[in-house]
Amino acid sequence: MVGSLALNRLQTPSQAAMSIPDLIKKKRDGGTLTDEEIKTFIQAVTNKTIQDCQTGAMLMAIWQKGMNVMETETLTREMMSSGEVMSWPKEWAGRVVDKHSTGGVGDKVSLVLAPALAACGCKVPMISGRGLAHTGGTLDKLESIPGFNIHQSAVQIQRVLDSVGCCIVGQTETLVPADRVLYALRDATSTVDSLPLITGSIISKKGAESLSALVLDVKFGKAALYKDLESAKELAQSLVSVGNGLGIRTGAVLSCMDGMIGRCVGNSLEVIESLETLKGNGPEDLMELVTTLGGMLLKMTGSVSDLSEGRKKISEAVIGGAALSKFQAMMEAQGVKEKDARSLCSTHTDNYSVLRKAEHQIELKTPADGVVLGVDGLILAEVLHKLGAGRSKAGQPVNHSVGAELLVSLGQRVERGVSWLRLHYEDPAPTPDQESRLQNALNLGSPQQHTLVKELLLPQ
């Protein structure tokens with residue numbers, strides 16, 4: 001046995017340079033890793049021939065020293081190739097699209113956008129995530145619909161795309177296995193906020209979907225990962241650059257995330273608001289994001305000649321009911337009973353005949369006269385998280401019925417004592433401190449202009 005160990009160490013100089021401790025040291029000391037070295041690291045992660053402590057050390061070295069564009073692109077490509085890469089029928093060429101959001105409060109854009117894009121002739125294999133910490137997850141929202149199955153194989157995904165045009169699913173076991181390992185360890189090693197690691201994680205999963213075009217909603221503000229426009233723009237540029245480098249036409253929208261999107265936060269409530277939007281009664285800020293992101297994708301696939309035509313097409317798909325039909329078909333294709341799907345999509349329906357309703361509701365009153373300037377989305381999300389709407393660790397269950405409805409509009413003049421927020425809760429009940437925090441989340445003052453989208457980054 002000793003002899004075989006000795007033989008393993010008798011490597012050529014180029015192989016010796018590729019040992020994992022050497023790679024960690026090279027990056028720790030600020031060196032640039034070659035394509036081959038990055039490939040060696042990702043293969044070791046995928047094949048589990050590297051110790052967790054070594055992976056953690058490499059993640060910390062990348063966090064501290066960063067990576068240049070070429071390193072980040074190689075990292076992303078190797079992560080993408082660590083598992084199955086989807087392939088689509090030839091006749092879908094140029095029409096397979098997706099969107100990704102960096103996470104927000106009340107962000108139900110995917111639930112409206114995916115069926116709207118399908119109604120415009122796109123194929124949307126949307127691989128989404130679960131909520132963690134204060135941000136909600138698209139999969140948790142959809143799982144509040146009884147029967148909705150987010151676990152679909154590659155064959156099932158293709159079948160749903162063929163018949164419906166869109167599906168929203170979780171990451172399959174065979175897609176980007178390297179990301180699953182790195183994602184879990186990034187949390188444990190406090191390296192979540194590394195630009196190359198975020199870029200690699202997001203774009204590798206989208207690359208494995210073999211997309212023609214991708215649009216990213218990169219958020220900044222109080223309730224976002226990045227608090228200011230400049231740092232969010234740096235991430236957006238990294239994502240756009242690497243996406244385009246991998247051959248996906250990639251663009252980004254920089255949008256403000258100080259408050260909440262729409263008027264509902266919480267899994268069941270956000271499904272209800274998405275359905276209302278698909279019935280043509282959507283809030284302006286949600287529709288602004290849906291039409292901008294969708295319009296960009298239609299422009300990038302060449303379906304329309306400019307952004308305004310793209311926005312108009314998406315808007316018509318939503319307001320005219322075509323997107324609602326696609327959402328109903330997607331629900332049925334992913335396991336929801338036909339009568340439940342039809343009930344949720346009909347005009348006059350009691351959503352709670354299908355969805356779970358919280359046992360208790362209370363309404364908070366405005367503390368003074370004034371104009372509603374906004375609601376602190378982070379406070380709202382943190383309180384709802386504590387009441388059971390979110391999870392602190394991957395794998396924890398969430399209570400789909402917990403949430404909040406905003407009962408006033410931005411820019412609305414209110415008098416003291418008007419109901420401004422309806423809180424839906426079960427066990428535990430909100431504490432006096434939590435109620436006080438929620439009251440402090442309301443910002444009253446003098447009127448101001450308000451739009452979410454601040455900037456667009458289009459592929460060159």
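Predicted model: local features only at pLDDT ≥ 70, side-chain atom pairs only at ≥ 80, totals over all residues.
Residues are numbered from 1 along each chain as its sequence is written, and side-chain values use heavy atoms, with hydrogens and water left out. Local features need pLDDT of at least 70 and side-chain atom pairs count only at pLDDT 80 or more, while totals for chains, interfaces and linings use all residues.

Start with helix α3. Helices here are DSSP runs of H or I with at least four residues, strands are runs of E with at least two, and both are numbered from the N terminus. The buried residues of α3 are I20, L23, I24 and K27. Viewed down the axis of α3, they fall within an arc of 100°, so they line one face of the helix. Buried means under 20% relative accessible area, exposed means over 50%, and partly exposed lies in between (1.4 Å probe, protein chains only). The arc is taken from the directions that run from the helix axis to the C-beta atoms. An α-helix has 3.6 residues a turn, so residues three or four places apart point the same way. The cover over the buried residues of α3 includes α4, α5 and α6 (69–80). Just after α3, G30 takes a positive phi of about 90°.

Is K27 buried or exposed? K27 is buried, with a relative accessible area of 2%. A polar atom of the K27 side chain lies 3.0 Å from the backbone oxygen of G31. Leaving out residues up to four places away in sequence, K27 touches L33, M58, A61, I62, K65, G66, M67 and E71. Contact means heavy atoms within 4.5 Å.

Helix α5 covers residues 52–65. Its 14 residues reach 20 Å from the first C-alpha to the last, close to the 20 Å expected at 1.5 Å a residue. That expected span is 1.5 Å times one less than the number of residues. Buried residues in α5 are Q54, T55, G56, M58, L59, A61 and I62. They pack against α3 (20–28), α4 (35–47), α10 (177–188) and α11 (195–207). G66 follows α5, with a positive phi near 75°.

Now turn to the core. The largest nonpolar core has 139 residues, and L117, I145, F327, M331 and L380 touch the most other members. Such a core is a set of buried Ala, Val, Leu, Ile, Met, Phe, Trp, Tyr and Cys residues joined through side-chain atoms within 4.5 Å. Helix α14 (residues 284–300) gives the most to this core, with 9 residues. Beyond its neighbours within four places in sequence, I145 is in contact with V271, F327, M331, V336, L344 and L355.

The strands come last. Two strands pair if DSSP finds at least two bridges between them. Strand β9 (residues 403–406) is covered on both faces: G403 and E405 are buried on one side, A404 and L406 on the other. Strand β6 (residues 264–265) joins β9 through 2 antiparallel bridges, and C264 has E405 as its bridge partner. Strand β11 (residues 419–425) joins β9 through 4 bridges, also antiparallel. There, L406 is partnered by L421.

An open sheet of 3 strands runs in the order β10-β8-β12, with antiparallel pairing. β10 (413–414) and β12 (442–445) stand at the edges with a single partner strand each, so one side of each is left without a neighbour in the sheet. Strand β8 (residues 370–375) pairs with β12 over 4 bridges, and V375 has L442 as its bridge partner.

Definitions and conventions
Polar contact = N/O pair within 3.5 Å; in protein donor to acceptor, adjacent residues only side chain to side chain.
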